[in-house]
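Please consult the sequence and the model shown here.

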Amino acid sequence: MKQSIRLGRVGGIPVGVHWSVIVIVGLIAAILGGQVLPQMAPGQSTTAYWAVAIPGALLFVLALLAHELAHAFVARRAGVPVRSITLWALGGVSELGGEPPTARADLRIAAAGPATSLLAGGVFWGLAVLLDLAAGPAIGVAALGWLAIMNVLLAAFNLLPGAPLDGGRILRAALWMHHGDRSRAARTAAGAGRIVGGILVGLGLAELWIWSSLGGLWLMLIGFFLITAASAEAAAQLASDALGGLLVRDVMTPEPAIGGGWITVGDFIDRVALHSPQTVFPVVGADGALIGIVGLDRLSRVPAASRELTHLAEVARPVPPAYLAQPDDPAPPLLSRPPLDRELAAVVVTEGRIVGLATVENLRQIIQRAQLRARPLHETRA
């Protein structure tokens with residue numbers, strides 16, 4: 001999930017929000033100010049309802065952030081890097097830089113989020129009771145009570161036993177502990193996620209059909225999201241299994257074509273790009289050091305009239321350290337980050353010399369071959 005707005009860092013973890021959070025804050029504020037609070041604390045002015053509803057919506061988003069931070073802090077304590085946290089319309093996403101090392105660590109990371117939501121629910125409920133005992137404004141008691149209920153419901157929903165929900169992660173960890181096979185556990189949890197998503201879609205259709213409630217559309221949206229996300233997790237697990245036991249040298253293109261930063265784009269296209277099966281090329285300086293990469297798409301965006309005046313160094317995209325690998329590094333971590341320029345998984349170097357490229361196409365071919373090998377031997381041709 002791409003961040004639209006960077007909020008800063010919490011405990012060293014970059015935190016941001018997707019633009020859809022603005023929509024969800026507005027929707028929650030509208031529900032609180034237009035429906036919930038007028039019913040729970042009648043007789044107040046519209047201004048009063050909205051004055052409480054907007055902070056209430058923001059507090060709900062902060063509770064979502066606390067949920068994700070709990071995952072992140074427990075993951076980091078287990079030795080799993082945390083790249084970022086992004087809040088969006090359907091919750092939050094903690095981008096981890098690896099997998100939990102053990103089933104117990106997986107369980108702790110998964111359970112931390114719902115436990116935090118339950119704790120938040122208890123805190124809001126306690127504040128509501130204290131405010132009520134102190135004869136505080138009924139509208140404040142109502143808002144705090146609503147926040148308590150919503151956080152408990154959030155925890156309950158996240159505990160549904162299907163990936164990518166926290167309950168699916170807990171199911172994966174439990175099966176991992178039982179079978180000792182993380183891959184098998186992950187596939188089962190992803191399958192359960194598709195089932196849970198299908199049930200939610202069915203319930204949403206029923207709610208829409210029988211009660212004509214627009215809430216059914218929301219349930220259907222969540223259900224379709226779960227089905228899509230669970231299918232993506234199953235595909236990612238298949239890819240990870242395909243690369244299991246392989247090294248970077250096993251998946252890379254050795255001795256790739258390389259461009260010098262001093263060469264013009266026109267010369268490089270004519271002499272190299274048009275005659276190479278590669279879709280991305282390392283670019284080096286006069287000393288042979290890597291200065292970036294250029295892909296066919298990036299080259300094609302240079303206007304034809306400018307290609308003889310533009311050097312490769314001017315259009316090359318820098319390569320972050322995370323996209324550098326050595327031949328004897330394990331191959332599965334290549335899947336843990338999005339490809340650079342949609343093509344590059346890693347530039348492979350040895351003692352400062354470029355010896356290979358790992359690309360999306362390299363990985364795709366390995367995964368497809370693994371799928372072919374996985375076909376039942378008794379399967380006959382049509």
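The text below treats helix packing, a pocket and some backbone features in turn.

The model is predicted, so local features need pLDDT of at least 70 and side-chain atom pairs count only at pLDDT 80 or more, while totals for chains, interfaces and linings use all residues. Residues are numbered from 1 along each chain as its sequence is written, and side-chain values use heavy atoms, with hydrogens and water left out.

**Helix packing**

Helices (H or I, at least four residues) and strands (E, at least two) are DSSP runs, numbered from the N terminus. Axes are lines fitted to C-alpha atoms, for helices over the stretch in contact, and angles run from 0 to 180 degrees between N-to-C directions. A crossing is left-handed if the near helix is turned anticlockwise from the far one by less than a right angle, and right-handed if clockwise.

| Helix pair | Angle | Distance between axes | Crossing |
|---|---|---|---|
| Helix 3 and helix 4 | about 160° | 8 Å | left-handed |
| Helix 2 and helix 3 | about 145° | 8 Å | right-handed |
| Helix 1 and helix 4 | about 120° | 10 Å | right-handed |

Helix 3 spans residues 103-133 and helix 4 spans residues 138-158, and the two pack at about 160°. Helix 3 is therefore roughly antiparallel to helix 4 (angles under 35 degrees count as roughly parallel, over 145 as roughly antiparallel, 65 to 115 as roughly perpendicular and the rest as oblique).

Helix 2 and helix 3 pack at an angle of about 145°. Their contact includes His67, His71 and Val74 of helix 2, together with Arg108, Pro114 and Phe124 of helix 3. The residues concerned comprise eleven nonpolar, five polar and one charged.

Helix 1 and helix 4 have their axes 10 Å apart, at an angle of about 120°. Helix 1 is therefore oblique to helix 4. Here Ile28, Leu32, Val36, Leu37 and Met40 of helix 1 meet Ile139, Ala142, Ala143 and Trp146 of helix 4. By class, the contact of helix 1 with helix 4 has nine nonpolar residues, no polar and no charged.

**The second largest pocket**

On a 1 Å grid over the protein atoms alone, a pocket is an open set of points where a 1.4 Å probe fits, with protein on both sides within 12 Å along at least five of seven lines; lining residues have an atom within 4 Å of a point. Grid points are joined across faces, edges and corners, and a volume is the space filled by probe spheres set on the points.

The second largest pocket has a volume of about 200 Å³. Strand 1 (5-10), helix 1 (20-40) and helix 2 (46-77) each supply at least two residues of its lining, and helix 2 gives the largest share, four residues. The lining includes Ile5, Val21, Leu58 and Leu87, and its residues divide into eleven nonpolar, no polar and no charged.

**Backbone features**

Most residues other than glycine have a negative phi, and most peptide bonds are trans. A cis peptide bond, with omega of about 10°, joins Ala163 and Pro164. Pro164 lies in the loop between helix 4 and helix 5 (166-179).

Asp341 has a positive phi near 55°, and Arg342 has a positive phi of about 65°. Asp341 is placed in the loop between strand 9 (324-325) and strand 10 (344-350), and Arg342 also lies in the loop between strand 9 and strand 10.

Technical notes:
Nonpolar A, V, L, I, M, F, W, Y, C, P; charged D, E, K, R; others polar. Contact = heavy atoms within 4.5 Å.
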